[in-house]
Each structure stands twice: as C-alpha cells, then as structure tokens.
Amino acid sequence: MHLNEWAFVGVLLAISAILPVVPMVLGWLLGPRKPNPLKSDTYECGIETVGDAWVQFRVQYYVFALVFVVFDVEVALLFPWAVAFGNMGLFAFVAAAVFILLLAVELVYIWRKGALEWM
Amino acid sequence: MLKEALIQAGMQPGWAAFIDIFLGVLVAASFGMVWVLFGIWVERKMAARVQDRIGPNRVGPWGLIQNIADALKLLTKEVIVPRNADRPVYFAAPILAVVGVILIAAVIPFSPVVIGTDLSIGILYVIAVGAFGVIAVLMAGWGSNNKYALLGAFRVVAHLVSYEVPMVLALLVPVMLAGTMSMQGLVREQHIWYIFAVPVTAFLFFISSQAEVGRAPFDLLEAESELVAGYNIEYSGMVWAMFYLGEFMHAFFVSILFAVLFLGGWSGPGAEQIPFLGIVYLMLKSMLVYFVQIWLRLTVPRVRIDQLLAFNWKFLVPLALANVLLMAFLFKIIPTPDFAGAQAIATNEFAGVAGGIYRLFGPNQIAELPRTGLLLLGNIALVGVTAALLGQAGRRARRQVEALVDETDYTPRAEGAEHTAEAPAAAAR
C-alpha cells in the first residue's frame, strides 16, 4: 500500500518532467533558427557586456539563507509534534513551548545583531 | 475501481495497478495545464476591467481562445540562447519550474474519492515540493550569465526562502487541529472551516503563499522597472513560456491549498454521496481565493526589498511564533468536543427539538462549535495585542522622525534674511 502511494509520485515525477520538454522541443523545431553574434549576446540595455555575471556577491543574501536554514530545520521537527499533539498531555505543550521560545530567542538575537537590516 | 475492473477482465494485477496509476497521473498532470489556459483568460479579463479596459475580445467568443492563439504564437518564436549561457543549467531551469508545481497536484483532494495519492505526510510533501521553484529560479539566473538575471536570482534566495518560514509555521496550526498531515484527513476533520477557528493562521498562510508564488505586491524577483524582467530575461519563445505556465499553475494550486486547509476543501452539502459535487465545491472555493489573489495583485503597489524582508522577519515571523504557541495552549486547555455524545443526540428519536437541530446542522459541527468559538476569541485577542504593539512601534518611529525634524533649524536667523544663504546652511548643519 505504501509503495503504491509513492509509486504515484514517482510516475508523476517522470510525466511532469516530460510535459514541459514537449513544448520546448516543439518550439525548437517549429521556430526559426537564425542566430547571429549580436542576437546571442548577453542582454544589457543595449551596451556591450563586460565580463560575465559569475562574480562574488554580497554576503547579505547569504545571511538570510543561513537564518532560514535554522528556522526551517526547527520547524520541520515541530510537524511530528503537531500531529501527535491531540493525544498528549500538557507536558507536550510545555516542551514545545520551550522549543518555540528558543526560536524566538534566536530571532531576537538576530534582530539585535542587525542581521535583518537591509543595507 | 479501475484496477479491480481490469483484474476482473483477466489482466495481471501488477499491470492493472500500473495502468491505474498511469491514468491517474495523466489526469493530475494535465489538470493544471488545461486550467491555466482558462485561468489566464480570467486574469486578463479581470486586469482589464480593473484598469478600465475591455481585455481580450477578438479570438473566439469573449476572447476565450486568445490564450491558445498566444501559445501557438509562442511555438513559432525563435528560441534564442545567449552565447555565454551555461546550457545544461539554462535548459533544466524551466523544466524544474514546471515539475515542482505539477507535483503538488498529486495530493490535492478533489472529492472524497478523487485524489492522486493520499500521502500520510501530505502537507510536508507540499512544502518539500514547493522548494523546487526556488532552485529553478536560482538556476535560471545563474545559467543565463546575465547580471540582471543573477540579481533577480539573488533576491529569490532572500525573498522566497524568508517567506517559507511563516508559511510553514502557519501550516503547523491546521495540522495540530486535525491531528493529521494527510490532505483527506485535514478535510474530514474540518467540521467547521478552519478560517473561522484560526483566522490569523489563515491570514499568515495567505500572505506568505502570495510571496511564495511571487506575485504583486511581492513580485520583486521579476520587477520590470528595476531588473527589466529578472531571472527570465534571457529566455524566449516556448522555453520562457514554461516559467509563465509554472507561475500561473502555482498561483492556482496555492488557492486550492488555501481552500483545502481553511475553507473545508470538497466538503459541502451532499459531497459525500455525489463525488462530483465535491469537485464543484472545491473549484468554487478556490476560485474565490484566486479572485482575492488577483484583486490584491492588481491594486497593491510593489514593495521595496528592505520593506519586504522587514515585513517578513519583523512582523510575520514573530506573529507566526506567537500564534503557534497561543493556539497550542488554547487547544490543550479547551476540552475535546464530545462527538459521540452529539451523534447520540442526533440519532435519538426522543430528543425532540435538540435532535432536530443536531440533525439539521450535523452533529459533528454542533459538537465542534464551542471549540471554534473559543479559538476565535483567542485569535481576536492576538489581533488586538498585535495592533496595539504595531501602534506603539508606529508612534515611536514618528517621534524619532519628529525629533530629527526638531533638531534641524529651518528658521532664518535674522529678520528679513529669508533669502540669504544662511537658511540652507543651517538646514545642512
């Protein structure tokens, strides 16, 4: 039974990967193909591009991703708790409260550190 | 059903199961694509009406098949690939953008019997699959080797990833109330729509799902006015259309998810008996959500990136944390509804008026009513506290600005000296 449930997802994954490929290939076949050096240049408001875009970027973006990872992992751990919550006593609430307050403390720390300010 | 019929007809059970799954997959996968053709028309018509235009009205009655004409046009357009692009990544991105959205269709419960597959971890699956979109956009930005596209992709890391936190925190609450992560379970346990019990959670989910889809006012990742088109700037023809398709399907699937989680999904009068009615109810509810979504998109201006992130981390996330804690506490102290007792009253022929009322509104709904009311009170209290805190923060910010203004001396020094160079000098100091 469990295997069948996931078999659906597996087949859907295969089919949904084919679905976008078909129109893309059709577009490739039906559309004109007349590349020229100017056309296949990287677009940049009409001026010539200097260098490529694969450069170092601001660390700010990385900080947000880091904060997200911490939150996401902790929240993923809360899902089993939420499912079983109805059958557990008040202790389950206290335990989760401590866990969620840890998240809150983390948020306050990040906030005070100024990591949430967009510079 | 189909599987049994095929086995009856003398087919191998394994093959029968495969054909059963395969047909289900085809329906689930093409449902979104077919709907998009209609959905884009609805959206264009609505956008036109809001902006005092008529909208598509040439191709077919009321312009209904305008989108098919557009799709055909896109097919005949040249696919221009920039010379400097990283081709494998460049072409994998649009495929991934569509795959991630279609995979959501697997767990959407259309009616009591029509569902792709009722996974026991349905909600978690939706969150996991939803992350495909972020990777797709990042790949598109990186693979294009274009500075605008890469800037758009960087914003995605900050933006999509940030709004996933309040969304996941909001999803905890319906899971907690229903005690299950399966989508069918969530619909069945929802005797009274969760939007009445936990409106704050519904609000959090709606806002953050709008941001996840990346539509206005949160469409920073493709802000035309500053990033030209953002991550999909180097895409053209049918390859570009895949991003468009993915976005529209995502927007619609998010409305369906909202309808399932907070508006009771397929439930409605007679839905258990006639499965088709369930599909109709779900579609009506999700179209309502979709309408609100388009309305928001057409009337609210785009926010700046710092406002966007501050709104998420300084308002939505703290609110979501407080909301989860408060709901968990209330859920624990409110006694569990007496479903068996209500059922007994409803089936008791001698209960008189009470029995009649219980039968009319459904015993489970009546039993659920006190809990819904108490949770709603808790939500109203939370909204009140939030509003008070916001007001305080607003006043503090205003005082800071006023203090800054007071420090600056705009008044001219001597009488009759308004037009000398002294006044601007004082202001600059």
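B:Asn145 counts as buried because its relative accessibility is 4% (buried is under 20% relative accessible area, exposed over 50% and partly exposed in between, with a 1.4 Å probe and protein chains only). This is a predicted model, in which local features need pLDDT of at least 70, side-chain atom pairs count only at pLDDT 80 or more, and totals for chains, interfaces and linings use all residues. Residues are numbered from 1 along each chain as its sequence is written, chains are lettered from A and ligands numbered from 1 in the order in which they are written, and side-chain values use heavy atoms, leaving out hydrogens and water.

B:Asn145 lies in the loop between helix H6 (132-144) and helix H7 (147-178) of chain B; helices are DSSP runs of H or I with at least four residues, strands are runs of E with at least two, and both are numbered from the N terminus. Most residues other than glycine have a negative phi. The phi of B:Asn145, however, is positive, near 55°.

B:Trp62 is not a glycine either, and has a positive phi of about 50°. B:Trp62 sits in the loop between H2 and helix H3 (66-75) of chain B. With 63% relative accessibility, B:Trp62 counts as exposed.

Helix H2 (residues 13-50) of chain B packs against helix H13 (residues 275-299) of chain B at an angle of about 45°, and their axes are 11 Å apart. Axes are lines fitted to C-alpha atoms, for helices over the stretch in contact, and angles run from 0 to 180 degrees between N-to-C directions. The angle therefore makes H2(B) oblique to H13(B) (under 35 degrees is roughly parallel, over 145 roughly antiparallel, 65 to 115 roughly perpendicular and the rest oblique).
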